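Take a walk through this protein, one part at a time. Start with the sheet, move on to a pair of helices, and end at a pocket.

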Amino acid sequence: MANIKYSRQRESIKHFLAGRKDHPTADTVYQNLRQVYPNISLGTVYRNLGLLSELGEITRINTGDGAERFDYNTQPHNHFVCRCCHSVSDLEMENIDYIMDTAQKNFGGQIESYTTMFFGVCESCRSEQGLTKLAATADS
């Protein structure tokens with residue numbers, strides 16, 4: 001890409017994302033940056049998030065609920081999406097890169113990367129809904 005001009009707002013977006021583990025939406029980024037830059041527009045936030053994603057400086061996460069999330073961590077890792085509160089969190093687990101070889105076996109093209117998303121109910125929602133008790137009863 002061509003040489004990108006420095007932007008305090010873009011750097012603020014990166015700094016904001018670097019301090020977060022909750023994978024915020026563009027609206028969350030916007031609401032927080034407005035405290036520092038009262039005249040910033042939602043369009044500016046969206047454009048900069050798109051640019052940072054294209055440059056590979058952040059990761060764009062599509063959870064299927066309509067609102068994209070953004071992650072400062074660009075290293076390969078897996079995510080968990082709660083179907084109740086739509087929160088997105090990093091999922092700590094052993095390496096599953098062998099899935100690339102499995103997928104490549106019956107595919108004529110070249111697979112270069114993969115994204116893994118796990119869906120279910122987060123611990124907080126399970127507690128709120130009493131699902132923890134239901135799950136324990138079902139396991140008995």
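Two strands pair if DSSP finds at least two bridges between them. Strands (E, at least two residues) and helices (H or I, at least four residues) are DSSP runs, numbered from the N terminus. The model is predicted: local features need pLDDT of at least 70, side-chain atom pairs count only at pLDDT 80 or more, and totals for chains, interfaces and linings use all residues. Residues are numbered from 1 along each chain as its sequence is written, and side-chain values use heavy atoms, with hydrogens and water left out.

Strands of a sheet pair through backbone hydrogen bonds, either parallel or antiparallel. Strand 3 and strand 5 run parallel, joined by four bridges. Here V81 stands opposite F119 of strand 5. Strand 3 and strand 4 run antiparallel, again with four bridges. H79 has D90 in strand 4 as its bridge partner. Five residues lie between strand 3 and strand 4 in their hairpin, where H86 takes a positive phi near 65°.

Next, the helices. Helix 1 (residues 8-18) packs against helix 3 (residues 42-54) at an angle of about 70°, with the axes 10 Å apart. Helix 1 is therefore roughly perpendicular to helix 3, a label for angles of 65 to 115 degrees (under 35 is roughly parallel, over 145 roughly antiparallel, the rest oblique). Axes are lines fitted to C-alpha atoms, for helices over the stretch in contact, and angles run from 0 to 180 degrees between N-to-C directions. Helix 1 makes the contact (heavy atoms within 4.5 Å) with Q9, R10, I13, K14 and L17, and helix 3 with T44, V45, N48, L49, L51 and L52.

A pocket is an open set of points on a 1 Å grid where a 1.4 Å probe fits, with protein on both sides within 12 Å along at least five of seven lines; lining residues have an atom within 4 Å of a point. The lining has 26 residues, with Q75, P76, H77, N78 and Y114 nearest the centre. Strand 1 gives the most to this lining, with three residues.
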